[in-house]
Amino acid sequence: MYDLPPDLPRLRTLEQQLTIWLGHIRKAIAAAEQREAEQQRGAERRSAVPDWIVELGIGQGAPSIEVHAGGCHAAGKRRRAIDRDQARRLIADGVRTCTHCQPDVELRMID
């Protein structure tokens, strides 16, 4: 059948060890399920990436420095989401555009 010891004391010892291991495995499964559930909740709560963002400067009024596409990796920390019309208006007013994501090309504002 199986390669198990024939006597009762050793079988009971194996049973006890396996019961302990099963408890450890069940705790690990519960922890993994909790982590997955938290990640799922975090993904659901995470705000969507905006279509356009403007990078803001430092100081009074935080002037607009550069316009980026929403998912641009080169955008700085100080930024706010803007809509398509605001992005076009800022670019038309002379605000610099990002050389990485090229929002002026996406907005078809190249001369």
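Among contacts in the protein (heavy atoms within 4.5 Å) between residues at least 6 apart in sequence, 44% join residues at least 24 apart. The model is a predicted one, in which local features need pLDDT of at least 70 and side-chain atom pairs count only at pLDDT 80 or more, while totals for chains, interfaces and linings use all residues. Residues are numbered from 1 along each chain as its sequence is written, and side-chain values use heavy atoms, with hydrogens and water left out.

Three helices and four strands make up the secondary structure of the protein, where helices (H or I, at least four residues) and strands (E, at least two) are DSSP runs numbered from the N terminus. Read from the N terminus, these elements follow the order α-β-β-β-α-β-α. The radius of gyration of the protein, at 29 Å, is well over the 13 Å that the globule rule gives for 111 residues, so the protein is more spread out than a compact globule; the radius is taken over C-alpha atoms, and the rule is 2.2 Å times the number of residues to the power 0.38. The C-alpha trace spans about 90 × 35 × 20 Å along its principal axes, and buried residues (under 20% relative accessible area, with a 1.4 Å probe and protein chains only) account for 23% of the 111 residues.

The four strands form an open sheet in the order β3-β1-β2-β4, with mixed pairing, two strands being paired if DSSP finds at least two bridges between them. At the edges stand β3 (79-82) and β4 (96-97), each with a single partner strand, so one side of each is left without a neighbour in the sheet.

Strand β1 (residues 52-56) runs antiparallel to β3 and is joined to it by four bridges. Along this pairing, Val-54 stands opposite Arg-80 in β3, and Glu-55 stands opposite Arg-79 in β3. With strand β2 (residues 64-69), β1 pairs in the antiparallel sense over five bridges, and here Ser-64 in β2 is the bridge partner of Leu-56.

Notes. Buried < 20%, exposed > 50% of the residue type's maximum accessible area, 1.4 Å probe, protein only.
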